[in-house]
Amino acid sequence: MYNVILGLKFISLFHTLFGKGEINIKSIEKKGLLAVKIAQMYAVRSDLLSIEKCRQLQKLYENSSPIPWEEVKMVLEESAPKAFWDEVTNIDETPIAAASLGQVHRAKHIDGKDIVIKIIKPEASKDFERDLSAVRVLARIALTLYPKLKRLADPMGTIKTIARLTRTELDLRNEQKGSEILSQVKEAEPDLEHLQNLHFPHFYTHLTSERVLVSEFLPYKSVSKGLQDGSFTYAQLLNLFRTQGYFLFEQGKFHGDLHPGNIFFEGEKLWFIDNANIEVTDAHFAKGLLDFLESLGKEKFHRAAKIMEILSISAPKNYKKYYQDFQDLYAGFDSKKSSLTNQMIATVKLCVRAGLVFPEGAFPIVKSLMYLDGIALKCAPQADLLKDVLKYKEDLA
Ligand SMILES: Nc1ncnc2c1ncn2[C@@H]1O[C@H](COP(=O)(O)OP(=O)(O)O)[C@@H](O)[C@H]1O
Ligand SMILES: [Mg+2]
């Protein structure tokens, strides 16, 4: 019976996502962590949902309602290591940020340094796993009733990905691990000067546990703030693109959730935070995607189509039609007027319709490019992003 009620909650979620009605952010948040994660996942799928729905869903990346201080205290008492109580003072009871799975409070280390404490909400993990079983059952039923769903929205694949990413985030120690992975990439490239402008917060490992993370307070502005007050410039975006581009295309190993709230900046310096999810993509695929973008930038559309065909796991159903559709699509594009995101969405749609299938790692790269493009659109809507970033190709081996 209980499972039926849980199931209903998610049927209503999918109805909101795929139905005709409006998106109600608060009601999605009320459905819990898994529901929010599912909705966030579809927020970048403008190949499946309308652009307007995606725009509304993207609000789920921003703040959610905080939990009361009593509950935060409970988590700290249950989970913080002993040294925490000896070294952490002046915890601010009002959080600086709250998200679906945790929240962040300012405090002071006894050595005088400003720090932040991030906690995982009580029951977050248990509720998530419980909801996950209910959703799996639902997805299985849905797939039996509508086998076509697999090709269109791949619910099982989506659930699997969400489970992997969220379980990683639910153990805060993974944030330090992720920062270390990215940091090592940077250390290995001392000749790439711009990469040396990238930094990560310092972590207090001995004060940290699965559900409590203590790190240095960064007194900088986030890119999302910088976009709101107009202080994040297009030059800084290009610098950010160059940095993330190196991880995406050269390493095929990158911050999997680099939205503007997870980046701090000052001058040429950048800080990546919230580094739990490091995505790894086949390096061959990553380089191929870069060649694809280069072909688009140089308006070599036949070559662009050819690269997508090579990157696909399966062949197009009809070669001639595929190449023709590709030509037609891009004949109608003006690279100055049409954003990179719109081009990518239209291309993905065309390829999928033609019967091409891309490997699992493809989507995180596309999502990352959409974030960067979204930032570019906000700080320089007139810019020709693709042309401007292709000159950084020389950074890559
Ligand atoms: N080290 C830090 N210094 C200053 N502010 C921070 C720091 N870490 C997090 N924050 C603030 O808290 C917000 C949420 O932190 P984040 O690590 O991104 O957690 P979430 O998983 O909730 O997105 C950030 O956008 C930022 O405003
Ligand atoms: Mg974040």
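This is a predicted model: local features need pLDDT of at least 70, side-chain atom pairs count only at pLDDT 80 or more; totals for chains, interfaces and linings use all residues.

Author: Residues are numbered from 1 along each chain as its sequence is written, while chains are lettered from A and ligands numbered from 1 in the order in which they are written.

Reader: Why is H7 called roughly antiparallel to H9?
Author: The axes of helix H7 (residues 124-145) and helix H9 (residues 155-170) come within 10 Å and cross at roughly 175 degrees. Axes are lines fitted to C-alpha atoms, for helices over the stretch in contact, with angles from 0 to 180 degrees between N-to-C directions. Angles under 35 degrees count as roughly parallel, over 145 as roughly antiparallel, 65 to 115 as roughly perpendicular and the rest as oblique, so H7 is roughly antiparallel to H9. Helices here are DSSP runs (H or I, at least four residues), as are strands (E, at least two), numbered from the N terminus.

Reader: And how do you know that H16 and H17 are roughly antiparallel to each other?
Author: Helix H16 (residues 340-353) and helix H17 (residues 362-379) have axes that cross at roughly 150 degrees and come within 8 Å. By that angle they are therefore roughly antiparallel. Residues in contact (C-beta atoms, placed from the backbone, within 7 Å) are Leu 340, Thr 341 and Met 344 of H16 with Val 366, Leu 369, Met 370, Asp 373 and Gly 374 of H17.

Reader: What makes Asp 86 buried or exposed?
Author: Asp 86 lies in helix H6 (residues 82-87). A residue is buried if 20 or more other C-beta atoms, placed from the backbone, lie within 10 Å of its own, exposed if 12 or fewer, and partly exposed in between. Asp 86 has 10, so Asp 86 is exposed.

Reader: Why do E5 and E7 stand at the edges of their sheet?
Author: The open sheet has four strands in the order E5-E10-E9-E7, with mixed pairing. Strand E5 (198-199) and strand E7 (221-222) each have a single partner strand, so one side of each is left without a neighbour in the sheet. Strands pair if DSSP finds at least two bridges between them, and two bridges join E5 to strand E10 (residues 269-272), which run parallel.

Reader: Which residues come nearest to ligand 1?
Author: Ala 97, Ala 99, Val 104, Leu 218 and Asp 274 do, of the 17 around ligand 1. Near here means a C-beta atom, placed from the backbone, within 6 Å.

Technical notes:
Two residues are in contact if their C-beta atoms, placed from the backbone, lie within 7 Å.
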